[in-house]
Amino acid sequence: EPAAAIILPQAGTMYLLNAPRTAVNPLIDTAAHYGVNHISRLDFGRPTSDSANGTGQLLKNFPVEKFRMPVGAIRSRTCQKIAQALRPETGALPDCLITPANDRIKWQKLANGELLVRFNRREVRIPRTSHERVYIIEEK
């Protein structure tokens, strides 16, 4: 599962979708670079182990103000444990991160391994270059 983050350096916070183990260390390093000291919202778009298996490491580094999962049964034991600890709200969407301004950042895995990211009427194709990757897309 891909992870997406909206980092707001002025507020020292980020909004995060999914916390897979492969993304957590690069995310922690990137967040530290931008001065992030907490997570305003963590959403699991799909409550699966792949989406959540890095949450423990993430929680060691950042407090989480709000945690959300989609409506429905949670089959993953990893997600069940996290839900018991963090008491989620509903409202998370699969493959979509909702910004503080209610814009949506959506992504789609393409057959060739690329990731198609859509936001604010823009599309960005991100090539598959490695398993762990951090791309910073800034709005000017």
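## The nonpolar cores

The largest nonpolar core here has 19 residues, and M14, I39, L42, F44, L58 and F62 have the most contacts inside it. A nonpolar core is a set of buried Ala, Val, Leu, Ile, Met, Phe, Trp, Tyr and Cys residues joined through side-chain atoms within 4.5 Å. Buried means under 20% relative accessible area, exposed over 50% and partly exposed in between, with a 1.4 Å probe and protein chains only. At least two residues of this core come from each of β2, α1, β3, β4 and α4 (77-86), with α1 giving the largest share, 4 residues. Helices (H or I, at least four residues) and strands (E, at least two) are DSSP runs, numbered from the N terminus. There's also a second, separate core of 11 residues, which includes Y15, L97, V117 and I126.

Keep in mind that this is a predicted model, where local features need pLDDT of at least 70, side-chain atom pairs count only at pLDDT 80 or more, and totals for chains, interfaces and linings use all residues. Residues are numbered from 1 along each chain as its sequence is written, and side-chain values use heavy atoms, leaving out hydrogens and water.

## Helix α1

Helix α1 covers residues 21-33, with V24, P26, L27, I28, T30 and A31 buried. Its buried residues pack against β1 (4-8), β2 (13-17) and α3 (55-61). Just past the end of α1, G35 has a positive phi of about 80 degrees.

## Around L42 and R68

Leaving out neighbours within four places in sequence, L42 is in contact (heavy atoms within 4.5 Å) with L16, N18, T55, L58, V64, K66, F67 and R68. R68 itself sits in strand β4 (residues 64-69) and counts as buried, at 13% relative accessibility. With the neighbours within four places again set aside, R68 has contacts that include R41, D43, F44, E89 and I98.

## One aromatic pair

The whole structure has 1 aromatic pair. It is F44 with F67, edge-to-face because the ring centres are 5.0 Å apart and the planes are at 85 degrees. Rings of Phe, Tyr and Trp (its six-membered ring) pair if their centres lie within 6.5 Å; planes under 30 degrees apart count as stacked, over 60 as edge-to-face and the rest as tilted. F44 lies in the loop between β3 (38-43) and α2 (49-52), while F67 is in strand β4, 23 residues apart. Both are buried.

## Cysteines

You'll find 0 disulfides (cysteine sulfur pairs within 2.5 Å) in the structure. For C79, the nearest cysteine sulfur is that of C96, 18 Å away. C79 is buried at 0% relative accessibility, and C96 is buried at 4%.
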